[in-house]
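I opened this notebook to record what I looked up about helix packing. The entries follow the order in which I consulted the structure.

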Amino acid sequence: MAYQSLRQEYLDIPVVTRAYTTACVLTTAAVQLELITPFQLYFNPELIFRNYQVWRLITNFLFFGPIGFNFFFNMIFLYRYCRMLEEGSFRSRTADFVFMFLFGGLLMTIFGLFVSLVFLGQAFTIMLVYVWSRRNPYVRMNFFGLLNFQAPFLPWVLMGFSLLLGNSVIVDLLGIAVGHIYYFLEDVFPFQPGGGRILRTPSFLKAIFDAQEEDHNYDPLPEERPGGFAWGEGQQLGG
């Protein structure tokens, strides 16, 4: 019975969130079990373009370091905000969500050529948090019970927390920059005088991901509910 319940809970996770978080966990487990090493996963342009190790374009987004506080912290934020985006503003728009993944990953890969980052998963998580925060500007957040602020400040608070942990802020700044580019092109520029929609999801992605009927078997998380955890709880202003 417990197995069936856990299996159903897992299958209730929307498909993109389920696929990405599962891939991250399995990759980390494989490294932990010494089935593979981080040296086989990291972003290395020379190995990618000269030795044709193209899998590194994907695997560098899947490894968040050894199992520990930093790994669980990233996994929690990745799962929560990825799921809230997929069940919120991207509900019934799986192809558009996949396109955001591809667009963000491509930009980070290009920028990664110049900033010498070897793993981009944390930056990708910050990108997801940034897009969610800009689409939910009136949500009040509480971080570890110490700070109260509105959602658009969340990526910057996370960057400050990352700095306190001794991590490089370049990773967070990259995620914020790519998240802002996507948000501007998708949510701002099309509605400006003389503006227009630049980002258009390819038809083959729509044929693959949006051809299926919407799954009504799971109970969606409202996108404006960021929390469940002491460092990310919030409530709608006026609610």
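**Entry 1: Helices α8 and α9**

I began with helix α8 (residues 154–164) and helix α9 (residues 169–188), whose axes come within 9 Å and cross at roughly 165°. Angles over 145 degrees count as roughly antiparallel. I then looked up which residues form the contact: α8 contributes Pro155, Trp156, Leu158, Met159, Ser162 and Leu163, while α9 contributes Val169, Asp172, Leu173 and Ile176. By class, I recorded 8 nonpolar residues, 1 polar and 1 charged in the contact of α8 with α9.

I must note that this model is predicted. The chain has a mean pLDDT of 85, and 87% of its residues reach 70 or more.

**Entry 2: Helices α7 and α8**

Next I asked at what angle α7 and α8 pack. I found an angle of about 150°, with the two axes 8 Å apart. That makes α7 roughly antiparallel to α8. On the α7 side I listed Gln122, Ile126, Val129, Tyr130 and Ser133, and on the α8 side Leu154, Pro155, Leu158 and Ser162. I counted the classes in the contact of α7 with α8 as 6 nonpolar, 3 polar and no charged residues.

**Entry 3: Helices α5 and α7**

I turned to helix α5 (residues 69–87) and helix α7 (residues 121–135), and found that their axes come within 9 Å and cross at roughly 40°. That makes α5 oblique to α7. The crossing in which α5 passes α7 is left-handed. From α5, the residues Asn70, Asn74, Phe77, Leu78, Tyr81, Cys82, Met84 and Leu85 take part, and they meet Gln122, Thr125, Leu128, Val129, Val131 and Trp132 of α7. I sorted the residues of the contact of α5 with α7 into 10 nonpolar, 4 polar and no charged.

**Entry 4: The record and the model**

I then consulted the UniProt record, an unreviewed entry, in which the annotation "transmembrane region" covers residues 54–79, 99–132 and 153–183. For two of these spans I looked up what the model shows. Residues 54–79 are 58% helix and 0% strand, and the end C-alpha atoms of this span lie 26 Å apart. Residues 153–183 are 84% helix and 0% strand, with end C-alpha atoms 15 Å apart.

Key. Residues numbered from 1 in each chain as written. Predicted model: local features only at pLDDT ≥ 70, side-chain atom pairs only at ≥ 80, totals over all residues. Heavy atoms only, no water. UniProt positions renumbered as here; feature names shortened; annotations may be inferred. Helix = DSSP H or I, 4+ residues; strand = E, 2+ residues; numbered from the N terminus. pLDDT = per-residue confidence, 0-100. Axes fitted to C-alpha atoms, helices over the stretch in contact; angles between N-to-C directions. Parallel < 35°, antiparallel > 145°, perpendicular 65-115°, else oblique. Left-handed = near helix turned anticlockwise from the far one by under 90°. Contact = heavy atoms within 4.5 Å. Nonpolar A, V, L, I, M, F, W, Y, C, P; charged D, E, K, R; others polar.
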